[in-house]
Amino acid sequence: MKIHEYQAKELFRKYNVAVPEGSVAFTADEARAVAEKLGEYPVVVKAQIHAGGRGKGGGVKVAMNASDFDTYANDILGMTLVTKQTGPEGRLVKKLLIEQGLNIAKELYLSILPDRATAQMIIMASEAGGMDIEEVAEKTPEKIIKVYVDPLLGLQAYHLREAAFGLNIPKEAMKSFTVLLKNLYRMSTEYDCSMVEINPLVLTAENSVIALDAKVDFDDNALYRHPDVKEYRDLDEEDPTEVEASQHALNYIHLGEGGNVGNMVNGAGLAMATMDCIKFAGGNPINFLDVGGGASAEQIENGFRILQSDPNVKAILINIFGGILRCDRLANGVVQAARKVGMKVPVIIRMEGTNLEEGREILKTSGLELINAADLKDAAQKLKEVIQ
Ligand code: ADP
Ligand code: MG
């Protein structure tokens, strides 16, 4: 689960990870009040959305006086911010973080994340921090150093030194840096973070090390241990169909641009194979939807409705292996759903397994124009015909 920068900085404060002074604002008036409380310029106006690259998209502005500040706050609040990470449709900005402007001497990069390959934590750091870290990673990967930490042994003094030397932290700022990294590591493990990223981590002219940006992602499977983090969830930042699907306990992922075939499958592996099959037929999967082994007729109905609600869907392929979810139950769910919400696009059904004959009978006698496929190859062929 992702959270906003201002929320991540709240956690940072709890752990004594240095951040600039500031707070969140939901209206221009609130923003003004925060700026007045900060008392002196420069003051920074930062759009709060769950996507990076805000600076380049015009979502971060440094104001040198009150009148610029008002202009920036009004411009950014309510704007549709388009960044590399939002996609072309952008994201509506509903909140701002108003922060004290810092006297930046150097912008660094720092992140902590678990590494599956080595089963260790990695601290990634680079002197080339700032807005273009993706480019650094691509073109000059040697500028990013990696310090591996065994999670059972925990962070040791030599890890801190290795990171500090890698970043060329000046002697005067050493204490500030090691305190920050130590606390950040503790936060990352105590909160089961799948990523903590500070870009930029700044070295100020006064030799303090401060987190200027903050990106934190949590392991969803561990969220039950962190009710305070759950409170941070912002449904405005999530895909509305994914939110709805999660309310019906459906494993749904919207795949975005260019998709034209909706699909409903049981089992993640079969879902992947089905998406390949859609590609093979010349289509483009618009989603991943795993209804799970024991889906109810109601879940099938909701899944079907969600698929049909997407205006880009030209056809739907239902591919179910009847094990725990028997074919007759699936057929009933689909028929019930199609009667309730109507059929806006051709629907191809391929089923196999327990109670197959009963299932086929239900589809056949339903009076609905459901296209029955004998097997996966046949399904691909029929899909090809309807989307051409
Ligand atoms: P994003 O990564 O989404 O572009 P950042 O928070 O990293 O957003 O901000 C982008 C840039 O804006 C930073 O690299 C920094 O140069 C500048 N900036 C952000 N916050 C401040 C601040 N409090 N003081 C001075 N400059 C800032
Ligand atoms: Mg940043």
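Analyst: A polar contact is a pair of N or O atoms within 3.5 Å; within protein, one atom must be able to donate a hydrogen and the other to accept it, and residues adjacent in sequence count only if both atoms are side-chain atoms. The model is predicted, so local features need pLDDT of at least 70 and side-chain atom pairs pLDDT 80 or more, while totals for chains, interfaces and linings use all residues. Residues are numbered from 1 along each chain as its sequence is written, chains are lettered from A and ligands numbered from 1 in the order written, and side-chain values use heavy atoms, leaving out hydrogens and water.

User: What does the side chain of Asn 199 reach, and at what distance?

Analyst: The side chain of Asn 199 reaches the backbone oxygen of Gly 130 at 2.5 Å. The side chain of Asp 213, in turn, makes a polar contact with that of Arg 54 at 3.1 Å. Both distances, 2.5 Å and 3.1 Å, meet the limit because a polar contact requires a pair within 3.5 Å.

User: Why is Asn 199 called buried?

Analyst: Buried means under 20% relative accessible area, exposed means over 50%, and partly exposed lies in between (1.4 Å probe, protein chains only). Asn 199 has a relative accessible area of 12%, and therefore counts as buried. Asp 192 is likewise buried, because its relative accessible area is 18%. Across the protein chain, 47% of the 388 residues count as buried.

User: What makes Asn 207 and Gln 381 partly exposed?

Analyst: Asn 207 has a relative accessible area of 25% and Gln 381 one of 41%, so each falls in the in-between class. Asn 207 sits in the loop between β10 and β11, whereas Gln 381 belongs to helix α14 (residues 376-387).

User: Which residues does UniProt mark as "binding site"?

Analyst: The UniProt entry, which is unreviewed, places that feature at Asn 199 and Asp 213. The lining of the second largest pocket includes both Asn 199 and Asp 213. The annotation may be inferred rather than shown by experiment.

User: Which residues are in contact with Asn 199 and with Asp 213, leaving aside neighbours within four places in sequence?

Analyst: Contact means heavy atoms within 4.5 Å. On that basis Asn 199 is in contact with Leu 108, Tyr 109, Gly 129, Gly 130, Ile 133 and Asp 213. The partners of Asp 213 include Lys 9, Lys 46, Arg 54 and Asn 199.

User: Where are Asn 199 and Asp 213 found in the secondary structure?

Analyst: Asn 199 is in strand β10 (residues 193-204), and Asp 213 is in the loop between β11 (209-211) and β12 (215-218). These labels denote DSSP runs numbered from the N terminus: helices are H or I with at least four residues, strands E with at least two. The protein chain has 14 helices and 18 strands.

User: What marks the backbone at Pro 42, Pro 200, Asp 192 and Asn 207?

Analyst: The peptide bond from Tyr 41 to Pro 42 is cis, with omega near 0°. Asn 199 and Pro 200 are also joined by a cis bond, with omega about 10°. Asp 192 has a positive phi near 50°, and Asn 207 one of about 65°; neither is a glycine.

User: What is the domain assignment of the protein chain?

Analyst: It gives domain 1 (1-19 + 103-236), domain 2 (21-101) and domain 3 (239-387). The C-alpha centres of domain 2 and domain 3 lie 43 Å apart.

Methods
1 Å grid on protein atoms, 1.4 Å probe; cavity = no way out; pocket = protein on both sides within 12 Å on 5 of 7 lines; lining within 4 Å. Domains from an automatic or database assignment.
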